[in-house]
Every structure is written in structure tokens, then in C-alpha cells.
Number of protein chains: 4
Amino acid sequence: MAGSTAEESGILSIEQYDEDVIVASAWFDDSHLRPGGIIAGPNLFLAVDSMGYLVTMSRAPKGSNGFTSAISMQFLRPAPAGGLRVEGRLLKFGKRGSVVDTVLYSHAFADPVAQAVVTYVPLFPATD
Amino acid sequence: MAGSTAEESGILSIEQYDEDVIVASAWFDDSHLRPGGIIAGPNLFLAVDSMGYLVTMSRAPKGSNGFTSAISMQFLRPAPAGGLRVEGRLLKFGKRGSVVDTVLYSHAFADPVAQAVVTYVPLFPATD
Amino acid sequence: MAGSTAEESGILSIEQYDEDVIVASAWFDDSHLRPGGIIAGPNLFLAVDSMGYLVTMSRAPKGSNGFTSAISMQFLRPAPAGGLRVEGRLLKFGKRGSVVDTVLYSHAFADPVAQAVVTYVPLFPATD
Amino acid sequence: MAGSTAEESGILSIEQYDEDVIVASAWFDDSHLRPGGIIAGPNLFLAVDSMGYLVTMSRAPKGSNGFTSAISMQFLRPAPAGGLRVEGRLLKFGKRGSVVDTVLYSHAFADPVAQAVVTYVPLFPATD
């Protein structure tokens with residue numbers, strides 16, 4: 001039940017929005033760094049958590065919300081401060097939970113810096 | 001390569017320190033909450049990431065450091081603001097990476113609020 | 001949707017059955033080995049998958065069934081042929097999925113050989 | 001330390017072999033099914049485990065071997081008996097472990113049936 005609320009997804013700027021695939025960018029400046037000048041883990045976590053929310057909501061009825069139930073994340077390479085490219089792809093959408101594959105890329109090189117599978121449980125709005 | 005530096009582990013206060021098992025507490029006040037009054041996901045992530053560091057360092061030579069290479073985390077129940085109990089247990093210690101099982105408990109009820117397996121790669125100090 | 005059916009759980013012999021904790025044993029002979037004389041990965045997978053089923057069913061109404069939706073597994077040490085001790089502990093039970101922590105021990109030494117978190121979705125019997 | 005040996009990768013027939021991406025097919029007949037006519041979980045596990053081995057070996061020196069250290073797997077949809085398409089993509093190659101993203105598709109429909117991230121530790125041949 002991580003913090004995948006609409007408010008928090010504000011760290012992502014959507015650049016491409018297709019069915020089942022969303023690409024966004026995020027910017028992490030000096031206040032988000034750990035020693036060594038790399039983006040700290042909790043910020044990378046926030047980026048993939050927010051993408052799990054966005055991709056799920058692209059399929060859910062208007063007014064839905066929800067929560068993250070699981071994240072399995074690989075930290076592949078240190079990400080230097082600056083821009084990140086965040087790609088999200090829907091693997092499954094279902095009432096019990098959607099499964100979203102996310103990959104993070106740095107502005108500085110081509111190989112991915114992190115990958116995560118996010119399981120997000122959508123809560124649909126009550127119908128009258 | 002998440003932010004498991006000594007500095008960040010400052011959010012944990014160690015309460016019990018046995019071989020292969022560490023118990024710590026963390027406190028999350030109103031500044032760490034998401035709407036609904038529950039502790040936001042990135043803070044829970046930081047707690048387990050820090051515990052992965054602490055448990056690994058309990059076995060590594062003095063002066064070691066390292067980085068988190070993977071975290072697989074289950075968000076089980078919403079955690080209300082306040083104290084968390086963080087338990088870490090070493091499943092394996094190795095040069096290629098240690099594996100630490102962590103469970104988070106709220107002050108408010110007995111069932112766990114989150115569980116994570118953290119893989120942390122220790123970097124030993126250079127020997128002369 | 002792994003093979004966690006009642007039939008397959010037949011590889012486990014239950015030795016202890018408490019609320020939220022089940023301990024079982026399994027036996028893997030020479031037909032289950034990979035070169036080097038260690039128990040092959042798919043057999044360890046089957047053991048944790050079966051335990052996810054058993055622990056979930058201990059809480060579900062009689063006549064329930066279900067399927068595995070996710071497994072996150074750590075292979076910690078090679079397991080020599082022979083008996084395994086399989087411990088399962090319920091972290092959460094819910095309609096959308098139960099979360100079960102499982103640890104595998106060899107008969108040959110004290111440290112665990114594998115650990116897994118199994119997410120199992122129970123399907124309750126239809127009510128008339 | 002799952003069963004990712006060369007022998008076991010024999011269940012996969014390689015169809016496409018590019019740098020960092022391998023596509024293979026596998027065939028599961030009636031002997032691999034669980035009740036309901038779907039391919040049993042341990043067989044899907046074997047397919048992604050074998051792909052983790054193949055993708056890692058495509059980068060390792062000739063004569064290398066190794067073992068699987070972790071698998072995080074999502075079971076997305078039941079897979080009916082017959083052919084599977086297995087896609088493997090290298091996220092990272094390193095001495096401490098390679099990280100391979102794998103997706104399984106059924107012959108019967110377009111959506112993926114399973115996804116897994118495999119961490120495989122390569123062991124390079126001894127040099128004289």
C-alpha cells in the first residue's frame with residue numbers, strides 16, 4: 001500500500017501515452033542525491049511506484065484510485081543526477097491487481113538504471 | 001544501487017543486535033504521510049533498504065560499504081503514522097551479495113505491514 | 001497461475017500445522033537432481049508453490065481452490081539430494097490474494113537453501 | 001542455484017539470437033499439464049530459468065557455467081497446452097550476476113502468460 005496517489009505521480013511528466021504503454025520523464029536535482037552524486041533509491045522507487053499508478057489508471061474507470069501491493073525492483077547501475085526516462089508497460093489489468101513492467105533510463109547513457117514490476121490494486125468508484 | 005548508505009540508516013534506532021538478526025525502530029511523523037494518514041511507500045522502502053545495509057554490515061569487515069542490488073517488497077496493510085518496528089534476518093552472506101529478509105510492524109496492531117527481501121552487495125575495504 | 005493444486009501438494013508431508021504456520025517435509029531422490037547431485041530448481045519451486053497453497057487453504061472455506069499469481073524466490077545454497085524441511089508462514093490472507101513466506105532447509109546443514117514469497121489467490125466455493 | 005544447466009536449456013529451441021535479446025520456443029504436451037488443461041507452474045519456471053541461462057551465456061566466455069540466484073515471477077494468465085514463445089532480454093551483465101527479463105507468450109492469444117526477472121551468476125572457466 002505504497003504511496004501511489006495522484007499527488008505523488010506529480011514527479012512524472014508524461015511524454016507518450018499509448019494504450020498499455022506510458023513514457024514519462026522525471027528530474028532529480030541535488031536534493032535527491034546520496035553521496036557519490038547518484039539518485040537515491042527511494043526516489044527511483046517513487047518513480048516506478050508512480051508509473052504503476054499511471055498505467056493502471058489509464059485502464060480504470062474515471063474516479064478510480066488504488067494502492068500498490070508489491071514491487072520487485074532491480075537496481076542495475078548508478079543513476080547520476082538529472083533527468084530520468086521512465087517507461088511503463090501493462091502486463092495485465094484485473095480487478096485483483098494490475099501488473100506493470102517499468103524500466104528507468106538515465107539521460108547519461110543507454111543502458112537501463114533500474115527495472116521493476118509493480119502490482120497495483122485498483123479501487124473503482126462506487127456506482128449509484 | 002539504492003541509497004543504503006550509513007547516513008540514511010540514521011532513520012533506524014537499533015534495539016536488538018544479535019548475530020544474523022537485528023531489530024530496530026523508526027518513527028514517521030506527519031511529514032512522511034500520504035493522504036489517508038498512512039506512511040508513504042518510499043518511507044517503508046527506506047526502512048527496509050536501511051535494514052539490508054545494517055544486517056550486511058554486521059558481518060562485513062570494518063570499513064566496508066556497498067549498495068542494494070534488488071528489493072522485492074510486499075505492502076501488506078496500511079501503516080498509520082508513528083512508530084514502526086523493523087526486523088532484519090540474514091538469509092545469506094556472500095561476496096556477490098547478502099540476502100536479508102525484513103518485516104515491518106506498526107505500533108498499532110500485531111500483523112505485519114510490509115515484508116521485503118533485500119539483496120545487498122558489500123564492498124570490502126582495500127587491503128594494503 | 002502455477003500448479004498449486006491439491007494433487008501437487010502431495011509432495012509435502014505435513015509435520016506441524018498451527019494457525020498461520022505450517023511445517024512440512026519433502027523428499028527428492030536421484031530422479032530430481034541436476035548434475036552435481038543437487039536438487040534441481042523446478043523441484044524447489046514446486047515445494048514453495050505447494051506450501052503457498054497449503055497455508056492459504058488453512059484459512060479458506062472448505063472446498064476452496066485457487067492459483068499462484070506471483071513467486072519471488074531466492075536460491076541461497078545448493079541442496080543435496082534427500083530430505084527438505086519446508087516452513088510456510090502466512091503474512092496476509094485476503095480475497096485478492098494471500099501472501100506466504102516460505103523457507104527451505106536441507107537435512108544436511110542448518111542454513112536455509114531457498115526462500116520465497118508466494119502470492120496465492122484463493123477461489124471460494126460458490127454458495128447456493 | 002536453480003537448474004539452469006545446459007542440459008535443461010534443451011527444452012528451448014532458439015529462433016532468434018541477437019545481442020542482448022533471445023527468442024525461443026518450447027512445447028508442452030499433455031504430460032506437463034495440471035488439471036484444467038493448463039501448463040503447470042514448474043514448467044513455466046523451467047522455461048524462464050533456461051532463458052536466464054541462455055541470455056547470460058551469450059555474453060560469457062566459452063566454457064562458462066553458473067547458477068540462478070533469484071527469480072521473481074508473475075503468473076499472468078493460464079497457458080493452454082502446446083507451444084510457448086519465450087523472449088529473453090539482458091538488462092545487465094556482470095560478474096556478480098546478470099539480470100534477464102523474460103516474457104512468455106502462448107500460441108493461443110496475444111497477451112503474455114508469465115513474466116520473470118532472472119538473476120543468473122556466471123562462473124567463468126579457469127584460466128591457465
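**Helix crossing, shared sheet and symmetry**

In this predicted model, α1(C) crosses α1(D) with right-handed geometry. A crossing is right-handed if the near helix is turned clockwise from the far one by less than a right angle, and left-handed if anticlockwise. Helices (H or I, at least four residues) and strands (E, at least two) are DSSP runs, numbered from the N terminus.

Residues are numbered from 1 along each chain as its sequence is written, chains are lettered from A and ligands numbered from 1 in the order written. Local features need pLDDT of at least 70, side-chain atom pairs count only at pLDDT 80 or more, totals for chains, interfaces and linings use all residues, and side-chain values use heavy atoms, without hydrogens and water.

**Helix α1(C) against helix α1(D)**

- Both helices span residues 41-57, and they pack at about 140° with axes 9 Å apart. Axes are lines fitted to C-alpha atoms, for helices over the stretch in contact, and angles run from 0 to 180 degrees between N-to-C directions.
- That angle makes α1(C) oblique to α1(D). Under 35 degrees is roughly parallel, over 145 roughly antiparallel, 65 to 115 roughly perpendicular, and the rest oblique.
- α1(C) contributes Gly41(C), Pro42(C), Phe45(C) and Leu46(C) to the contact, and α1(D) contributes Gly41(D), Pro42(D), Phe45(D) and Leu46(D). Contact means heavy atoms within 4.5 Å.
- Six of the contact residues are nonpolar, two are polar and none is charged. Ala, Val, Leu, Ile, Met, Phe, Trp, Tyr, Cys and Pro count as nonpolar, Asp, Glu, Lys and Arg as charged, and the others, Gly among them, as polar.

- Twelve strands make an open, antiparallel sheet, in the order β1(A)-β2(A)-β6(A)-β7(A)-β8(A)-β5(A)-β5(B)-β8(B)-β7(B)-β6(B)-β2(B)-β1(B). Strands pair if DSSP finds at least two bridges between them.
- β1 (13-18) of chain A and β1 (13-18) of chain B are the edge strands, each pairing on one side only.
- Twist averages 25° from one strand to the next.
- β5(A) and β5(B), each residues 65-75, pair antiparallel over five bridges. Gln74(A) stands opposite Ala70(B).
- Helix α1 of chain A runs at about 135° to β5(A). Helix α1 of chain B runs at about 135° to β5(B).

**Symmetry of chains B and D**

- Chain D superposes on chain B by a 180° rotation with 0.0 Å of shift along its axis (RMSD 0.0 Å). This is the relation of a two-fold axis. Copies are superposed by least squares on C-alpha atoms of residues with pLDDT of at least 70 in both.
- Arg96(D) has the C-alpha of chain D nearest the axis, 2.6 Å from it.
- Both copies use the same surface: 100% of the contact residues of chain D recur in chain B.
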